Amino acid sequence: MNMQRDRIFASPVEPSDFSFNHQVADVFTDMITRSVPGYSDLVQNIGILATNFAKDHDVIYDLGCSLGAVSKVISNYLPQSKIIAIDNSAAMIANCRANLNLTNIELLEADILKIAFVPHQFAVLNFTLQFIEPKQRLHLLQNIYQALQPSCALVLAEKIKFTDDDKQNLITNLHLNFKRQQGYSELEIAQKRTSLEKVLIPDTLEEHINRLQQAGFSKVIPWFSCLNFVSILAIK
Ligand SMILES: C[S@@+](CC[C@H](N)C(=O)[O-])C[C@H]1O[C@@H](n2cnc3c(N)ncnc32)[C@H](O)[C@@H]1O
């Protein structure tokens, strides 16, 4: 996997909205590992979760796959499953294709809001829903739910926000400290935050749980959290 150091915001840059372009795709593994506390553990455990709901020859979606970290782990656990890994960033798909050469992973450059889901046993939205326009989020979850087989599951990981200001401030400060410890400078942290402001729109944990229930999921279980990053298991 590509582990080039993320220095995108290290020097002053013209303010612009964050996008998953070539510059980001080239450093993405380093960027997400140093920005999301617990990312590696979370991804490893998705592989274990997958084995609880899917078996070899079943269909698994990795939605917003970026460089394919989730697909790769699931493939290690279920080498005969059919993993459909989708991203609408041409740069991500190109780098993913170059890095990941596994015969059971089908890579697609497509918009997950526009695809027709086939029957599947497991789906993953690992930090992808937060980049989808809020008005479209329920519809996407409904589409996934409809094609998901009975008793099968979706795993949804997101950066969350808190309605309580004290909680929000405390957790934000702890996350800032995490990023500082990962070697990000104040300039890098500030410029990235500005660039993500209109692009990454977080919901509260309650909003996620309610939306998943509204989409039809019968069991909605937060199973992993680290600061303001939460993963939820939603079972049909
Ligand atoms: C934070 S990254 C996901 C990280 C990845 N799942 C992982 O665990 O390493 C979000 C990804 O979602 C993709 N994305 C955003 N909106 C999308 C859409 N409508 N259709 C497909 N991919 C989308 C972005 O291009 C980006 O690669």
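Q: Is Phe-217 buried or exposed?
A: In this predicted model, Phe-217 is buried, with a relative accessible area of 3%.

Q: Which ring does Phe-217 pair with?
A: Tyr-145. The two form an edge-to-face aromatic pair, 5.0 Å centre to centre with 75 degrees between the planes.

Q: And Tyr-145, buried or exposed?
A: Buried, because its relative accessibility is 19% and the cut-off for buried is under 20%.

Q: Where do Tyr-145 and Phe-217 lie?
A: Tyr-145 is in helix H5 (residues 134–147), while Phe-217 sits in the loop between helix H8 (205–215) and strand E7 (219–226). The pair therefore ties together parts that are 72 residues apart in sequence.

Q: How many aromatic pairs are there in the whole structure?
A: A search of the whole structure gives eight aromatic pairs. One of them is Phe-20 with Phe-28, edge-to-face at 6.2 Å centre to centre and 70 degrees between the planes.

Q: Which residues do ring pairs link into a cluster?
A: Phe-18, Phe-20, Phe-28 and Phe-131.

Q: Switching to the nonpolar core. How many residues has the largest one?
A: The largest nonpolar core has 50 residues. Those with the most contacts inside it are Met-31, Ile-46, Ile-74, Phe-122 and Phe-127.

Q: Which helix gives the most to this core?
A: Helix H2 (residues 39–53), with seven residues.

Q: What other core lies apart from it?
A: One of 29 residues, including Ile-132, Ile-144, Ala-147 and Phe-217.

Q: What does Val-73 contact, leaving aside neighbours within four places in sequence?
A: Val-43, Gln-44 and Gly-47. As for Ile-46, its C-alpha is 7.7 Å from that of Val-73, and the two residues are 27 apart in sequence.

Q: Which residues line the largest cavity?
A: Asp-6, Phe-9, Lys-179, Tyr-184, Glu-188, Ile-189 and Lys-192. By class, the lining has three nonpolar, no polar and four charged residues. Helix H7 (residues 186–196) provides the largest share, three residues.

Q: What about the second largest pocket, what volume?
A: The second largest pocket has a volume of about 210 Å³.

Q: How many residues line the second largest pocket, and which lie nearest its centre?
A: It is lined by 15 residues, and those nearest the centre are Phe-9, Val-13, Glu-14, Ser-16 and Ser-195. Phe-9 also lines the largest cavity.

Q: Which elements give two or more residues to the lining of the second largest pocket?
A: Helix H1 (22–35) and H7. H7 gives the most, with three residues.

Q: How does that lining divide by class?
A: The lining of the second largest pocket has six nonpolar, seven polar and two charged residues.

Key: Residues are numbered from 1 along each chain as its sequence is written. This is a predicted model: local features need pLDDT of at least 70, side-chain atom pairs count only at pLDDT 80 or more; totals for chains, interfaces and linings use all residues. Side-chain values use heavy atoms; hydrogens and water are left out. A nonpolar core is a set of buried Ala, Val, Leu, Ile, Met, Phe, Trp, Tyr and Cys residues joined through side-chain atoms within 4.5 Å. Buried means under 20% relative accessible area, exposed over 50%, partly exposed in between (1.4 Å probe, protein chains only). Helices (H or I, at least four residues) and strands (E, at least two) are DSSP runs, numbered from the N terminus. On a 1 Å grid over the protein atoms alone, a cavity is a set of points where a 1.4 Å probe fits but cannot get out, and a pocket is an open set with protein on both sides within 12 Å along at least five of seven lines; lining residues have an atom within 4 Å of a point. Ala, Val, Leu, Ile, Met, Phe, Trp, Tyr, Cys and Pro count as nonpolar, Asp, Glu, Lys and Arg as charged, and the others, Gly among them, as polar. Rings of Phe, Tyr and Trp (its six-membered ring) pair if their centres lie within 6.5 Å; planes under 30 degrees apart count as stacked, over 60 as edge-to-face and the rest as tilted. Grid points are joined across faces, edges and corners, and a volume is the space filled by probe spheres set on the points. Contact means heavy atoms within 4.5 Å.
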